Amino acid sequence: MARSLNTVLVHCVVSVTLLWRRGSAFVCSSEWQDFCPANGSKQTGCTPYNLLPPEVDWLQLRKRLVKEMFGEDYLPMDNRPHSVTHTVVPHRFPDCLAALPRWGTSPATVCEKLIPVTEIVWQMTARLNATYAKNITSKVFLTLNSSGWAPGYSIWGADEPEAPEPPHRGKTLVIFHHGHGGSKGCPNYGDTDGTGDWLNQLGMDVATMMMPFFDCNTMVHQPGSLHAWFKLFEDQRIPWVRFFLEPVIKTINFAKERLGYERVILAGLSGGGWTTTLVAALDPRIELSIPMAGSIPCDFRLTSKDFEQFCNLHWTGIGNYTALYVLAALEPHRTSLQLLHEADPCCFHGCGRHRRIQEYGDFVRARSAGHFRTVVTEGNLHLVNPREKIIIGTLLYKMARGQAVTAADLLTPFDLLREVDAIYS
Ligand SMILES: *[C@@H]1O[C@H](CO)[C@@H](O)[C@H](O)[C@H]1NC(C)=O
Ligand SMILES: *[C@@H]1O[C@H](CO)[C@@H](O)[C@H](O)[C@H]1NC(C)=O
Ligand SMILES: *[C@@H]1O[C@H](CO)[C@@H](O)[C@H](O)[C@H]1NC(C)=O
Ligand SMILES: *[C@@H]1O[C@H](CO)[C@@H](O)[C@H](O)[C@H]1NC(C)=O
Ligand SMILES: *[C@@H]1O[C@H](CO)[C@@H](O)[C@H](O)[C@H]1NC(C)=O
């Protein structure tokens, strides 16, 4: 009796959840009426935002943003982490042939190899007043090019391949920022959805990072509400955006000055895409930035629910998102590729917005000497999708081979924006 009641209850909960989900499901419409005026409107998600003059001194604007976000005239120069720890983590080759039952081997270990992981820890002190301060920890997991590594099995009695090369360091580093993602391997690895591993297999060294207070950066005494916590700093004009950007900038310092990396590429998903856009705007050492589903200008409706991404913060009165896109491609040797998903149910979808996305792209291209493009790919998930992986992989390889990225490299048949469709039709 008790059991059947439970079953009924479970069914009820499941149906209610499904109904609730169905009720609030994201509907991709080609007729989105989501332009928001600068003084806001009654539409949900149309909050007031700062309007900026169309013509500005971009270098001056970058300096003012650095001052606003860091409280100093220069980006942090520190290249000495709080700690650097080397570990090894078992890596499972997902489609290892030896895992097939007919091979007769034990799949639990035969497809596994140990890969080296370096954990780099940064600490920042967030001081609000004389009596309240908090140390924020930000972790980075460095994993290396594993394209020559191979699962340990023999095929017809011979090792395949004969002499696999263990993961080793190259000259190009990809910083991949997972945003608010929760990882499977934390605290050892921090690779939320396997993007880090995919990049390693592709041949890249990867520094995996995430938002402060999230995932591997979770602290024992977390602030109760992050929204309220950051607002305390914002209200008192104490620089706080730095808590998000500083660990990335220091990781670049460490990578270039201490580890000898020649090129650093910054990419990220969601909150990591937002972080990518901000850091790339401020730090010209980033030659290629790839923010994914991380921001859209504030005249689009419902831009974000995360406090740090709000459109009325003090920093947005200096430079808005469009301005950040200009800065990420300002110098001739730099490229910024913004990736959005057509039907992303979480954030920054492309559907119904193609024309206006092209318009801000034109604005950015007219003001930057480097390359900028927004590519909207098919996709209804808030994840790095296979189409994006092809686009990203190609750009990364050009960079790793020391070849210049051209505007044509950003044209792809996966792009749903009409202008590009015309080129390929
Ligand atoms: C915004 O400005 C317009 C034009 O001045 C005005 O009609 C409208 O009421 C204002 N909206 C809000 C939410 O203040
Ligand atoms: C963003 O800033 C640019 C340049 O300062 C300006 O032309 C544009 O209208 C602004 N867009 C929004 C949505 O505030
Ligand atoms: C410092 O900030 C904390 C947290 O908001 C607050 O509880 C405390 O009263 C403040 N102290 C002073 C001296 O302002
Ligand atoms: C933060 O870390 C520094 C250096 O490790 C330490 O001296 C300080 O007491 C810490 N502050 C807080 C608020 O934990
Ligand atoms: C990655 O490692 C493999 C095997 O050692 C090497 O052949 C390849 O050039 C490396 N890839 C890059 C981009 O450096």
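Q: Which residue with a positive phi follows helix α5?
A: This is a predicted model in which local features need pLDDT of at least 70, side-chain atom pairs count only at pLDDT 80 or more, and totals for chains, interfaces and linings use all residues. Residues are numbered from 1 along each chain as its sequence is written, chains are lettered from A and ligands numbered from 1 in the order in which they are written, and side-chain values use heavy atoms, with hydrogens and water left out. Helices (H or I, at least four residues) and strands (E, at least two) are DSSP runs numbered from the N terminus. With a positive phi near 55 degrees, the residue that follows α5 is Arg237.

Q: How many helices and strands does the chain have?
A: The chain holds 425 residues. Its secondary structure consists of eleven helices and eleven strands.

Q: What percentage of the residues of the chain count as buried?
A: A residue is buried at under 20% relative accessible area, exposed at over 50% and partly exposed in between, with a 1.4 Å probe and protein chains only. By that criterion, the buried share of the 425 residues is 50%.

Q: What percentage of the contacts between residues at least 6 apart in sequence join residues at least 24 apart?
A: A contact means heavy atoms within 4.5 Å. Among contacts in the chain between residues at least 6 apart, the share that joins residues at least 24 apart is 73%.

Q: Which residues of α5 are buried?
A: Helix α5 covers residues 226-235. Its buried residues are Trp229, Phe230, Phe233 and Glu234.

Q: Within what arc do the buried residues of α5 fall?
A: The arc is that of the directions from the helix axis to the C-beta atoms. Seen down the axis, the buried residues of α5 line one face of the helix, because they fall within an arc of 140 degrees.

Q: Which elements are included in what covers the buried residues of α5?
A: Two strands are part of this cover, namely β2 (112-127) and β3 (133-143). A helix, residues 242-258, is also included, and that helix is α6.

Q: Where is Val66 found, and is Val66 buried or exposed?
A: Val66 belongs to helix α2, which covers residues 58-70. Beyond its neighbours within four places in sequence, Val66 is in contact with residues including Tyr74, Leu75 and Leu282. At a relative accessibility of 5%, Val66 counts as buried.

Q: Which residue just after α4 takes a positive phi?
A: Helix α4 spans residues 195-202, and its buried residues are Thr195, Gly196, Asp197, Leu199 and Asn200. Among the elements that cover them are β1 (83-92), β7 (205-209) and α10 (386-400). The residue just after α4, with a phi of about 120 degrees, is Gly203.

Q: Which residues are around ligand 5?
A: A residue is near a molecule if one of its heavy atoms lies within 4 Å of it. The residues are Asn145, Ser147, Glu165, His168 and Gly203.

Q: What percentage of ligand 5 does the protein bury?
A: A polar contact is a pair of N or O atoms within 3.5 Å; within protein, one must be able to donate a hydrogen and the other to accept it, and residues adjacent in sequence count only if both atoms are side-chain atoms. Taken alone, ligand 5 exposes 360 Å² (accessible areas come from the Shrake-Rupley method with a 1.4 Å probe; for residues, only the protein chains shown count as cover), and the protein buries 66%.

Q: How far is an oxygen atom of ligand 3 from an N or O atom in the side chain of Asn129?
A: Ligand 3 is surrounded by Leu128, Asn129, Thr131, Tyr132 and Leu232. By class, these are three nonpolar, two polar and no charged residues. Between the oxygen atom of ligand 3 and the side-chain atom of Asn129, the distance is 2.3 Å.

Q: What percentage of ligand 2 does the protein bury?
A: The shell around ligand 2 has six nonpolar, three polar and one charged residues. An oxygen atom of ligand 2 lies 2.7 Å from a backbone N or O atom of Pro53, and a polar side-chain atom of Asn320 lies 2.4 Å from an oxygen atom of ligand 2. Of the 360 Å² that ligand 2 exposes when taken alone, the protein buries 87%.

Terms used: Ala, Val, Leu, Ile, Met, Phe, Trp, Tyr, Cys and Pro count as nonpolar, Asp, Glu, Lys and Arg as charged, and the others, Gly among them, as polar.
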